[in-house]
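Good morning, and thank you for making time for this item. I would like to take you through one structure, beginning with the chain as a whole and then turning to selected side-chain pairs.

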Amino acid sequence: MSGGDGWQGDVLRDLGAGPQQGVQGSGGYPYPGQEQQAGHQGGQWHQAGHQHQGQYQRQEQPAPVASGLNSPSHAAPHAQSVVDEGLAGVVRSKPQHGESFAARAVRTVRRTLSSSAAREVAEVTHTAAVLQQPVTTGRQIAVTSIRGGSGKSTVAALLGTAYAHYRQDPVLFLEADPALGSLPLRLGAQTRRWTTNEIADIVKPDMSLLDVTGYLVQLPNNAWLLPASKGEIGVMLGSRAYERAVVALRRYFGVMVVDCETLPAEVARVALAASHGRVLTAPATPEGVTSTYAVLQWMQKLPRQVIAGTVVVLTELVPHQGLDLDQVVRQLKTAGVSVQVLPYDRHLAAGGPVRTEFLAAPTREAAARIAADVFQLSQKRH
């Protein structure tokens, strides 16, 4: 992940536009006042420096002192590493850029000679304006899939990172997939302590945001992470515990991105029903498209707001998959959903922490577009 002007600034630079275009404010930030916020939150990110694969250093937070900790059952658990120490040297590798140098050079030349650069800058500006819309109540956006390996956690990481960059209110990544979910690794978190199950019984209405964030993993740009587990097999997250956690946390955060279990798991169905916006990820393969179409037909039998507030994200897991994506998108849209494509990206395909500065330009544009699409749907009354 990247602080500063990594999202809109990178896209505008790719389009050949300077910081004065779009909705940039002073200091290269996308809106006035963000430079103060970044100095308080994101400044720690820059000062600490990057480690391998974009992981960031933070001092270990002490156990929070809040009203709910008087009971022995709420004693602070030990922090556990996201990556086992025995595997740390194996899984760390040099991040790869999302597209080759030759592809980036060709893209730059085309945009320099093309007359469409102004239109693309206008589209980026519009996307930023949508992402910065104020909310009266916190928006819950659930990300799920119908099978593993579809890029669900990757999409959740991209969406939350976009919201955290463009918005001034706090953003929460809530993991609701306890089956060894990969969201903490994708976000570059090094340790985890409290889980969704535990928070459900700890957070009280009289607690402040500062009290609550003491139980969370701090991320750049005023974003926070609540993992579902500590990487242990067999830990279950029930629908009741999930509901209690969401009810307890939702008033503290402007946007909450929930990385759910795959359908038709109970927690995923509860999260979809309770969320303001829904994202259904599917691999851009014949099997993925077929299964997704079947799920959409099932969703059509649910209350109308479920499918009307859903965005299907087709993830290209390999380059040149051979599908006619334009035709696939048209067919899936007949079910009444919005459909977006997340193009193949070498950086995302390699796994590990997502660093926006290494994403290919089409990936950054698509991620911001998807985030704006589902956020706009979450604001509507269906």
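**Overview and selected contacts**

Of the 382 residues in the protein chain, 55% count as buried. Please keep in mind throughout that this is a predicted model. Its secondary structure comes to 17 helices and ten strands. If we take the contacts between residues at least 6 apart in sequence, 80% of them join residues at least 24 apart.

Let me turn to helix packing. Two packed helices are described by the angle between their axes and the distance between the axes. For helix 7 and helix 17, the angle is about 80° and the axes are 9 Å apart. Angles of 65 to 115 degrees count as roughly perpendicular, and helix 7 and helix 17 are therefore roughly perpendicular to each other. Which residues make the contact? From helix 7 they are Leu-158, Leu-159, Ala-162 and Tyr-163, and from helix 17 they are Ala-367, Ile-370, Ala-371, Val-374 and Phe-375.

Tyr-163 and Phe-375 form a tilted pair, with 5.9 Å from centre to centre and 45° between the planes. Tyr-163 lies in helix 7, residues 152-166, and Phe-375 in helix 17, residues 361-378, so the pair ties together parts that are 212 residues apart in sequence. Are these two side chains buried or exposed? Buried means under 20% relative accessible area; Tyr-163 is buried because its value is 0%, and Phe-375, also at 0%, counts as buried.

Trp-194 and Tyr-215 form an edge-to-face aromatic pair, at 4.9 Å centre to centre with 80° between the planes. This pair links distant parts of the chain, 21 residues apart. Trp-194 sits in the loop between strand 4 (191-192) and helix 9 (196-199), while Tyr-215 sits in the loop between helix 10 (209-213) and strand 5 (217-219). Both Trp-194 and Tyr-215 are buried.

I now come to the charged side chains. Side chains of opposite charge can pair when their charged atoms come close. How many salt bridges are there? The count comes to four, and I shall discuss some of them.

Arg-167 forms a salt bridge with Asp-169, where the closest N and O atoms are 2.9 Å apart. Both Arg-167 and Asp-169 are buried.

In another salt bridge, the side chains of Asp-201 and Arg-244 meet at 3.0 Å, N to O. Asp-201 lies in the loop between helix 9 and helix 10, and Arg-244 in helix 11, residues 239-249, so this pair ties together parts that are 43 residues apart in sequence. Asp-201 counts as partly exposed at 40% relative accessibility, and Arg-244 is partly exposed at 38%.

Glu-357 and Arg-355 also form a salt bridge, their closest N and O atoms being 2.9 Å apart. Here Glu-357, at 27% relative accessibility, counts as partly exposed, whereas Arg-355, at 9%, counts as buried.

To close, I would return to helix 7 and helix 17: their contact includes Tyr-163 and Phe-375, and these residues form the tilted aromatic pair. Thank you; I am glad to take questions.

Note on methods: Residues numbered from 1 in each chain as written. Predicted model: local features only at pLDDT ≥ 70, side-chain atom pairs only at ≥ 80, totals over all residues. Heavy atoms only, no water. Phe/Tyr/Trp six-rings, centres within 6.5 Å; stacked < 30°, edge-to-face > 60°. Helix = DSSP H or I, 4+ residues; strand = E, 2+ residues; numbered from the N terminus. Buried < 20%, exposed > 50% of the residue type's maximum accessible area, 1.4 Å probe, protein only. Axes fitted to C-alpha atoms, helices over the stretch in contact; angles between N-to-C directions. Parallel < 35°, antiparallel > 145°, perpendicular 65-115°, else oblique. Contact = heavy atoms within 4.5 Å.
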